[in-house]
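Subject: Structure handover

Hi,

Here is the structure I promised to pass on.

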Amino acid sequence: MPISGSPIPIRSISDLATLTSYTDEALIALDTLAGRATGLMSPSLRLGVTGLSRAGKTVFISSLVHNLVHGGRLPLFEAQKSGRIARAFLEEQPDDAVPRFQYEDHISALLESRLWPDSTRAISELRLTIEYESASGWSRLFSRGKLSLDIVDYPGEWLLDLPLLGKSYTTFSAEAFEMAVHDVRADLSQPWRDLSATVDATAPADEMMARALAESFATYLKACKDDQRALSTLPPGRFLMPGDLEGSPALTFAPLPGLGEGRTKPGSLHAMMERRYEAYKTHVIKPFFREHIARLDRQIVLIDAMQALNAGPGAVADLERAVMEILACFRPGRGSFLTDLFARRIDRILIAATKADHLHHESHDRLQAIVRRLADRAVDRASFSGAKVDVLAMAAIRATREGTVKQGRETLPVIIGTPLAGETIGGEKFDGETETAVFPGDLPKNINALFDQDGEPSTDRALRFVRFRPPRLEKTAEGLTLSLPHIRLDRALQFLIGDHLA
Ligand code: GDP
C-alpha cells in the first residue's frame with residue numbers, strides 16, 4: 001500500500017498557523033528584540049540539533065565540537081580546509097536557564113573509556129566561538145571575523161508535540177485511537193485499548209483510573225520505540241522523554257475513546273483528562289516552542305534510518321511521517337502573524353542519517369538516496385517551502401574501518417570494529433574487547449521496496465548490524481590525540497555554517 005494512502009491523518013503546515021495566542025506572540029516579539037540586540041554585539045548563529053531518541057544527537061555535537069576545537073580532518077569544510085579558522089573554543093552560553101551540554105563528560109567517556117556518552121534526555125546548550133579570517137579581502141580589512149555558534153540539543157519527541165497545539169482533546173483522542181489500530185501498532189496498543197474500553201468517560205473523575213490509563217498509554221508508546229519496531233511518531237513527547245516532568249501530574253492523562261464534540265460533563269473523568277491535556281499544551285509545549293524553537297537559525301534533524309530499514313516498510317513509513325511533522329514545525333503557515341514573529345527564521349535544514357559507518361562506503365550513496373527520497377516525500381506532503389533542505393548520510397563518529405575478506409573465490413567488502421559487549425552475530429557473542437570483521441550486508445538497489453508497506457516482511461531483510469564501541473584514537477609521535485574520525489561531518493558543517501564564515 002503506498003504511504004500516501006495511509007489512513008493516519010496528515011496535518012498541513014497551515015494547522016500550525018493558529019497555534020499561539022496573542023500573549024505568546026507578544027512574548028516571542030520581546031525575545032526577538034532581545035535576540036536582535038545581542039546579535040548586534042557579536043554575531044551568533046543558533047543551531048538546533050534534534051532527532052528522536054538514540055538518533056545520535058549527543059554523539060554528533062560532541063564530535064562536531066571536538067573536530068573544530070582540535071582542528072580535525074574536515075576537507076569539505078571550506079573555512080577549515082583553506083586554513084582560515086584561527087581558533088575555535090567554548091564560551092559561556094548566553095541562556096542561564098538552559099542546562100549546559102556536558103561536552104567534557106561526553107568526550108571523556110568517548111576518548112578515555114571508549115564508551116558512548118549518555119544520550120539526550122532534555123534540552124541543553126553549548127556556545128562554541130569560532131575566530132576566522134574572512135575569505136573576502138574587503139572584510140579582512142576591518143578585523144578578524146568572530147562567530148558564536150549556539151548549539152541547542154533537544155529531543156525530537158518534544159518537537160513532535162507542536163501539532164498538538166492545534167488540536168482539541170477530542171481530536172487528539174480520536175487520532176490516538178486511529179493510529180493505535182494501525183498494523184504495526186495494533187498488538188502493542190491492545191492492553192491500553194482494552195483498559196480504555198472498560199472506562200466510562202462520563203463517570204466521576206478518579207485519580208487512580210487516570211493514572212492507570214496514563215501508565216498503560218505510556219507503556220504502549222514506549223513499546224513502539226523498541227528496537228524491533230522502531231516506530232517514530234508518538235505524541236505526547238514527554239511521555240517518552242519526560243525531562244524534569246518525570247512523575248508530574250501534568251503527564252497523568254491519556255486519550256479516551258468515543259468522545260463526541262458535545263459539552264464535557266463537569267467533574268467527569270473526561271473533564272479531568274481534558275483539563276490536564278490543555279495544561280500540558282499551555283505549560284509544557286508552548287513555552288518550549290516560544291523559548292527555543294522560535295529562536296533557531298539553522299537546524300539539523302538526525303534520523304536513524306538504518307534502524308527503520310531493519311524494522312521494515314512500516315517503520316520507514318512511520319519515520320517519513322515523523323520527518324514530515326518535524327519539518328512542518330519549523331515553518332508556520334504563510335501569512336500567519338506568527339511567521340513575522342519568528343525571532344530568526346530557520347533558513348537551512350539538514351536531514352542527516354547517522355551511523356553510516358555501519359555500512360561499507362559502497363552503500364553510503366544508496367543510504368543517502370533513501371534519505372533523499374524520504375525527505376522529498378516529506379517536504380512534498382508538508383507543502384514545505386522557504387528553507388533550503390538538504391540530506392546527508394554520515395557518521396558523526398566513525399567506529400569502524402573498511403577491509404576485504406576472501407570467501408572462496410569471492411572478495412567481500414567488510415567493516416572492522418569492536419562490537420559492544422553482548423552483541424551477537426550468528427550465535428557468537430562478543431566481549432567488547434575483540435576486534436572483528438563484519439560483513440554488513442547491502443542496502444537494496446531498488447529503493448521502492450523499502451517504501452512499499454506491502455513488501456517483504458522485516459525478518460528476511462539483507463541488512464543487519466551490530467553496534468560497535470567508539471574507535472581507539474591513535475596518538476601522534478608528540479603524544480597528541482588525533483581528532484575523532486567521522487564520515488561526511490565536514491559536509492554537514494559546510495551546509496550548516498559554512499556561509500557564515502565566508
Ligand atoms: P541521542 O539520543 O540522539 O542523543 O543519541 P546518541 O548521540 O546518544 O546516540 C545513541 C547511540 O547511537 C550511541 O550510544 C551509539 O551507540 C550510536 N551512535 C550515534 N552516533 C553514532 C555514529 O556516528 N557512529 C556509530 N557507530 N554509532 C553511533
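First, the ground rules. This is a predicted model, in which local features need pLDDT of at least 70 and side-chain atom pairs count only at pLDDT 80 or more, while totals for chains, interfaces and linings use all residues. Residues are numbered from 1 along each chain as its sequence is written, and side-chain values use heavy atoms, with hydrogens and water left out.

Let's start with the ligand. It is surrounded by 18 residues, of which R54, K57, T58, S119 and D357 are the closest (near means that a heavy atom of the residue lies within 4 Å). By class, that shell is made up of 8 nonpolar, 6 polar and 4 charged residues (nonpolar: Ala, Val, Leu, Ile, Met, Phe, Trp, Tyr, Cys and Pro; charged: Asp, Glu, Lys and Arg; polar: the others, Gly among them). In the side chain of T120, an N or O atom is 3.0 Å from a ligand oxygen. A polar side-chain atom of D357 sits 2.8 Å from a ligand nitrogen. The protein buries 97% of the 580 Å² that the ligand exposes when taken alone (Shrake-Rupley method, 1.4 Å probe).

Next, have a look at H66 in helix 2 (residues 57-69); helices are DSSP runs of H or I with at least four residues, numbered from the N terminus. H66 counts as buried, at 4% relative accessibility (buried is under 20% relative accessible area, with a 1.4 Å probe and protein chains only). Leaving aside neighbours within four places in sequence, H66 is in contact (heavy atoms within 4.5 Å) with Y103, I107, L111, L482, S483 and L484. The C-alpha atoms of H66 and I107 are 7.9 Å apart, although 41 residues separate them along the chain.

Now for the aromatics. The structure holds 14 aromatic pairs (Phe, Tyr or Trp rings, the six-membered one for Trp, with centres within 6.5 Å; stacked means planes under 30 degrees apart). F172 and Y277 are stacked, because their ring centres are 4.8 Å apart and their planes lie at 15°. F172 belongs to helix 7 (residues 169-180) and Y277 to helix 10 (residues 269-291), so this pair ties together parts 105 residues apart in sequence. Y277 is buried, with a relative accessible area of 0%.

Finally, helix 16 (residues 489-497) is mostly covered, with 7 of its 9 residues buried. Among them are L489, D490 and F495.

Happy browsing!

How values were computed. A polar contact is a pair of N or O atoms within 3.5 Å; within protein, one must be able to donate a hydrogen and the other to accept it, and residues adjacent in sequence count only if both atoms are side-chain atoms. Buried means under 20% relative accessible area, exposed over 50%, partly exposed in between (1.4 Å probe, protein chains only). Helices (H or I, at least four residues) and strands (E, at least two) are DSSP runs, numbered from the N terminus. Rings of Phe, Tyr and Trp (its six-membered ring) pair if their centres lie within 6.5 Å; planes under 30 degrees apart count as stacked, over 60 as edge-to-face and the rest as tilted.
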